[in-house]
Amino acid sequence: MKILTGRFGEVEIDPARILTFNEGIIGFHQYTRFVFLPFLEGTPFELLQAVDQPDLAFVTINPFLFCEDYQFDAEDGDLQDIQIKNKSDLMIRVIVTMPQDDPRLMTANLQGPVLINEARLLGKQIVLHDCEYTTKHRVFPDAQAG
Amino acid sequence: MLVLTRKVGESINIGDNIKISIMDVKGRSVRVGVEAPRSMSIHREEIYSRIQDENKLASAWKNVDMGSLKNLMGGMGKKP
């Protein structure tokens, strides 16, 4: 099927890869269908694109690429919501905030990770309450502004 | 807003399924227990708002300079 995206215009997607976020992404609850699209060739980013809103898309990344020891306790209820039975079925992505002028200052939201059950095509953004992580974790901690 | 006074150990029911209990009071902190159906998400407001605000910021990435991003990320696979 074809969907419209803000970045790539019309894109052909496999309907069998559409993920359902029953609660949407926090702050954008009205959109529940998303699909991962490649973002920029040669980079580890993927775009989490809303199927029903071209202008709603999030740059995401595998957090373990820059924060190897990232860990948190997911609540059973959250895992049940996306029908995770074994941890091995769980895919974790985090949303990246890109500053307009200097991508070196990009941050990742480690406090609101996105949990995906690829087999069941379900996803959920969760909120970590008691954790050391912030919503603005520097992806390149050594980069200076300028 | 409805304002009720409760003592430690007392509760408030909201409808049939939600119960909010005052567990403890220490100085200016109040420990609150919430019992609610699984389908209701319960969050500390400031943390939830922070995530919401960050998502809004993150969704506005469209003017990012893709060229410099690509240069920057060239080495990511090797050294994050």
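Q: A residue counts as buried under 20% relative accessible area, as exposed over 50% and as partly exposed in between (1.4 Å probe, protein chains only). What share of the 146 residues in chain A is buried?

A: This is a predicted model, in which local features need pLDDT of at least 70 and side-chain atom pairs pLDDT 80 or more, whereas totals for chains, interfaces and linings use all residues. Residues are numbered from 1 along each chain as its sequence is written, chains are lettered from A and ligands numbered from 1 in the order in which they are written, and side-chain values use heavy atoms, without hydrogens and water. In chain A, 51% of the 146 residues are buried. For chain B, buried residues amount to 22% of its 80.

Q: How many helices and strands does chain A have, and in what pattern do they follow along the sequence?

A: Elements are DSSP runs numbered from the N terminus: helices are H or I with at least four residues, strands are E with at least two. Chain A holds 1 helix and 11 strands, and its sequence reads β-β-β-β-β-β-α-β-β-β-β-β. Its radius of gyration (taken over C-alpha atoms) is 15 Å, close to the 15 Å of the globule rule (2.2 Å times the number of residues to the power 0.38) for 146 residues, so chain A is as compact as a globular protein of that length. The C-alpha trace of chain A spans about 45 × 40 × 25 Å along its principal axes.

Q: Which elements make up chain B, from the N terminus on?

A: The order in chain B is β-β-β-α-α, that is, 3 strands and 2 helices. With a radius of gyration of 22 Å, well over the 12 Å that the globule rule gives for 80 residues, chain B is more spread out than a compact globule. Its C-alpha trace spans about 60 × 30 × 25 Å along the principal axes.

Q: Which residues lie closest to the centre of the largest pocket?

A: A pocket is an open set of points, on a 1 Å grid over the protein atoms alone, where a 1.4 Å probe fits, with protein on both sides within 12 Å along at least five of seven lines; lining residues have an atom within 4 Å of a point. The largest pocket holds about 850 Å³, the space filled by probe spheres set on points joined across faces, edges and corners. Its lining has 28 residues, and Glu75(A), His129(A), Ile42(B), His43(B) and Arg44(B) are the closest to its centre. Both β10 (122-125) of chain A and β3 (29-35) of chain B supply at least two lining residues each.

Q: Which residues line the second largest pocket?

A: The lining includes Phe64(A), Tyr70(A), Phe72(A), Lys87(A) and Ile92(A). The second largest pocket has about 250 Å³ of space.
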